[in-house]
Amino acid sequence: MTDYKLPDVWTWEDENNNKGGNRPTAGSRFEQKLPVGSAPFQVYSLGTPNGVKVTILLEELKELGIKDVEYDLYKINIGEGDQFGSDFVSINPNSKIPAMVDQSQTPNIDVFESGSILVYLAEKFGEFLPKDIQGKTEVLNWLFWQVGSGPFVGGGFGHFFHYAPEKLKYPIDRYTMETKRQLDLLDKVLATREFIAGDTYSIADIAIWSWYGQLVLGDLYEGSAEFLDIQSYTHLVEWTHRIAQRPGVKKGMAAEYKAID
C-alpha cells in the first residue's frame with residue numbers, strides 16, 4: 001500500500017534544467033553540431049539493444065561482401081542528453097537512438113526507429129528480407145512483434161527489476177509474467193524452425209536477438225537469467241548461442257562499443 005492519491009490532472013513535478021532526462025515535451029533543447037563523415041551511412045547510436053540492431057545488420061551485409069555499405073558510427077550519449085540536441089532531433093524528432101542518414105542518396109534520407117532502419121537496409125541491399133510475399137510477411141510479422149513486445153521487457157521488466165529505486169512486487173510480478181510469456185513463445189517457435197521466421201536468417205533474428213538473445217545471455221540486467229529461469233527455454237538458448245557466434249553479430253556488437261564520441 002502507498003499513500004499516493006490519483007490527481008484529477010497530472011502535473012510534472014521533476015523540473016530540471018539539465019540536457020538529459022525525460023520530460024513530458026518533445027523537441028530539441030540545445031543547439032548541436034553532429035559530426036558527419038564521408039561513408040555512405042552515418043549512424044548515430046549507442047550500444048543498447050535497439051542500437052546494436054543497426055550495426056549488426058551493417059556488419060552482416062559487409063560479411064556478404066556487399067559494397068557501398070561502409071558507415072561512420074557516432075556515439076549519442078543518452079545519459080547526457082545528446083539525443084535532445086538540434087541536429088539529432090532534425091534526424092529523429094522522437095529523440096531516440098538509433099538514427100541513420102543515408103548520404104548516398106540525393107537528397108540525403110533520414111531514417112529513424114530501429115525496425116525502420118532494418119527494413120530500409122534490407123530492402124536497399126536485397127538481403128535478410130525475403131522477396132516472396134509469404135516469406136517477407138512472416139519476417140515482418142516477427143519484426144513488428146519485437147518492436148511491440150520489447151518495451152515490456154525494457155521499460156517494464158528491466159526498469160522495475162533493475163533500475164527502479166525500490167523493488168515493488170506488483171510491477172515486477174506483472175512484467176515478469178509477460179516477459180516469461182514472450183520467452184515461452186519464442187522457445188515454442190524455435191522448437192519448430194531454425195530461425196525466427198523460418199529456415200533463413202533474417203532481420204527478424206537480428207531484432208529479436210538484440211533484445212531477447214542478450215537477455216538469455218544475462219547481458220541486460222544483472223541476475224535476470226536466474227530470476228527468469230532462462231535455462232528452461234532450451235530452444236531459445238540454443239538459437240541465442242548460435243546467433244551470437246555469427247561473425248557479423250560479433251563485429252556489430254563490438255562496433256557499437258567503439259563508436260566515436
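**View 1. Arg 246 is a partly exposed partner in a salt bridge.** Arg 246 has a relative accessible area of 24%, which makes it partly exposed. The model shown here, as in every view, is predicted. Arg 246 forms a salt bridge with Glu 60. Their closest N and O atoms lie 2.8 Å apart. This pair links distant parts of the chain, 186 residues apart. Arg 246 sits in the loop between α8 (234–244) and α9 (247–256). Glu 60 belongs to helix α1 (residues 49–63). Is Glu 60 buried or exposed? Glu 60 is buried, at a relative accessible area of 3%. In total, 12 salt bridges are counted in the model.

View 2. The closest N and O atoms of Arg 181 and Glu 178 are 3.0 Å apart. Both residues lie in helix α5 (residues 169–190). They are 3 residues apart, so about one helical turn separates them. Arg 181 counts as partly exposed, with 46% relative accessibility. Glu 178 is buried, with a relative accessible area of 18%; the cut-off for buried is under 20%.

View 3. The closest N and O atoms of Lys 188 and Asp 184 are 2.7 Å apart. The two residues are 4 residues apart in the helix, so about one helical turn lies between them. Lys 188 is exposed, at a relative accessible area of 53%. Asp 184 is partly exposed, at 29% relative accessibility. Elsewhere, salt bridges with shared partners join Glu 59, Lys 62 and Glu 70 into one network. Side chains of opposite charge can pair when their charged atoms come close.

**View 4. Strand β3 is covered on both faces.** Strand β3 spans residues 99–102. Which residues of β3 are buried on each side? Ala 99 and Val 101 are buried on one side. Met 100 and Asp 102 are buried on the other.

View 5. β1 covers residues 41–45. It runs antiparallel to β3, and 4 bridges join the two. Phe 41 has Asp 102 of β3 as its bridge partner. Strand β4 (residues 109–112) is also antiparallel to β3, again with 4 bridges. Here the bridge partner of Asp 102 is Ile 109. β3 and β4 make a hairpin, with 6 residues between them.

View 6. The largest pocket has a volume of about 1,100 Å³. How many residues line the largest pocket? The lining is made by 32 residues. Nearest the centre lie Thr 48, Asn 50, Ile 78, Lys 96 and Trp 211. The elements giving two or more residues to this lining are α1, α4 (133–163) and α6 (203–216). Of these, α4 gives the most, with 8 residues.

**View 7. Tyr 4, Leu 6 and Trp 10 make a nonpolar surface patch.** The area of this patch is about 450 Å². Leu 6 lies in the segment before β1. Leu 6 is exposed, with a relative accessible area of 73%.

How values were computed: Residues are numbered from 1 along each chain as its sequence is written. This is a predicted model: local features need pLDDT of at least 70, side-chain atom pairs count only at pLDDT 80 or more; totals for chains, interfaces and linings use all residues. Side-chain values use heavy atoms; hydrogens and water are left out. Patches are made of residues with over 30% relative accessible area and no salt bridge: like charges are joined within 9 Å, nonpolar side chains (Val, Leu, Ile, Met, Phe, Trp, Tyr) within 5 Å. Accessible areas come from the Shrake-Rupley method with a 1.4 Å probe; for residues, only the protein chains shown count as cover. A salt bridge is a side-chain nitrogen of Lys or Arg within 4 Å of a carboxyl oxygen of Asp or Glu. Buried means under 20% relative accessible area, exposed over 50%, partly exposed in between (1.4 Å probe, protein chains only). Two strands pair if DSSP finds at least two bridges between them. On a 1 Å grid over the protein atoms alone, a cavity is a set of points where a 1.4 Å probe fits but cannot get out, and a pocket is an open set with protein on both sides within 12 Å along at least five of seven lines; lining residues have an atom within 4 Å of a point. Grid points are joined across faces, edges and corners, and a volume is the space filled by probe spheres set on the points.
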